[in-house]
Amino acid sequence: MTSNWQEYQERQAAAFAAVHEALVDHTIEIRTAGQLAKLMQRLPADTPITIASSTRMDPRPPTDPTQRRTITTAQAIPLDHPDKPVEVDDGDEIRDSIAVTPAVELAAVIVAHDAPGVPTVVVPAPAYERAVDAFRSGEPCVALDAQVELLSWMASTLGTTHSTDSDEEDEVDGVRTWIDDADLLAALDVEGGRLQQAAVRLAALRARVADYEIVADVTFDAEDIGRRAAKNPPPDEEGRSPTT
């Protein structure tokens, strides 16, 4: 099916506007079945509904798990359909474009118990996903924090000592629960200790990375000021620019 580019854009804008109007805001909190039912009634009948792949959370949740709560959210997202290309005629040539449909994504978000609603910024709750997300967005220190957390958790599942940084509700029994061989348990305990030591070393390196980032940012800003000054030198005493 070939579509005029302007007509295609107008149809897409109208479709997304209908979904956004039903949500009122970009992201809303759903507390009851009645609220969810009303949202479904407001949406166009053919709107796709998806479930987020993982739980997300406030970037700085309370350290005490009893002071947290999990809320259900609904937000509008663009849903790609790579298997349904649309031929778009932009006036110069006909090209394939991936069909995009407005959809509603339901998700779970961990917030403080007294949080008024959905945070503006959320991050993945699992440490691994948080590290991947941070690396993609150019935040190495955030990624290293998540990796330290992940290493500490791994160590706690192998050794005899649980990590003091892990939440009680997230703790698991560990591999020792199913093994009673003393030699094997001793070997696992050694590896757990090594992982915990690696976490400590990585935490120290994280501090050095943070210092490096500060210096790098200052250096970049100074070089940028120098480049702009070279391109736009100040006028001489008579008000004439040296480039004229």
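I started with the lining of the second largest pocket, where α1 gives the largest share, 5 residues. Helices here are DSSP runs of H or I with at least four residues, strands are E runs of at least two, and both are numbered from the N terminus. The model is predicted, so I kept to local features with pLDDT of at least 70 and side-chain atom pairs at pLDDT 80 or more, while totals for chains, interfaces and linings use all residues. Numbering runs from 1 along each chain as its sequence is written, and side-chain values use heavy atoms, with hydrogens and water left out.

**Pocket**

I read about 300 Å³ of space for this second largest pocket. Of its 14 lining residues, Gln12, Ala15, Val100, Thr101 and Pro102 are the closest to the centre. A pocket is an open set of points on a 1 Å grid over the protein atoms alone, with protein on both sides within 12 Å along at least five of seven lines; lining residues have an atom within 4 Å of a point. I noted that α1 (5–23) and β6 (94–112) each supply at least two lining residues. By type, the lining divides into 9 nonpolar, 3 polar and 2 charged residues.

**Salt bridges**

I took a salt bridge as a side-chain nitrogen of Lys or Arg within 4 Å of a carboxyl oxygen of Asp or Glu. The count comes to 5.

I looked at Arg130 and Glu149 next, whose side chains meet at 2.4 Å, N to O. Arg130 sits in α3 (residues 127–136) and Glu149 in α4 (residues 140–158), so this pair ties together parts 19 residues apart in sequence. Arg130 is buried at 11% relative accessible area, and Glu149 is partly exposed at 41%. For these words, buried is under 20%, exposed is over 50%, and partly exposed is in between, using a 1.4 Å probe and protein chains only.

Then I checked Arg31, which bridges to Glu29 with the closest N and O atoms 3.5 Å apart. Arg31 is exposed at 56%, whereas Glu29 is buried at 18%.

My last pair was Glu191 and Arg194, at 2.7 Å, N to O. They both lie in α5 (residues 182–231), 3 residues apart, about one turn of the helix.

**Patch**

I finished on a nonpolar surface patch of about 210 Å², made by Leu36, Met40 and Ile49. Patch residues have over 30% relative accessible area and no salt bridge, and nonpolar side chains are joined within 5 Å. Leu36, in α2 (residues 33–42), is partly exposed at 31%.

Technical notes
Patch = residues over 30% accessible without salt bridge, like charges linked within 9 Å, V, L, I, M, F, W, Y side chains within 5 Å. Areas by Shrake-Rupley, 256 points an atom, 1.4 Å probe, with all protein chains shown as cover. 1 Å grid on protein atoms, 1.4 Å probe; cavity = no way out; pocket = protein on both sides within 12 Å on 5 of 7 lines; lining within 4 Å. Points joined across faces, edges and corners; volume = space filled by probe spheres on them. Nonpolar A, V, L, I, M, F, W, Y, C, P; charged D, E, K, R; others polar.
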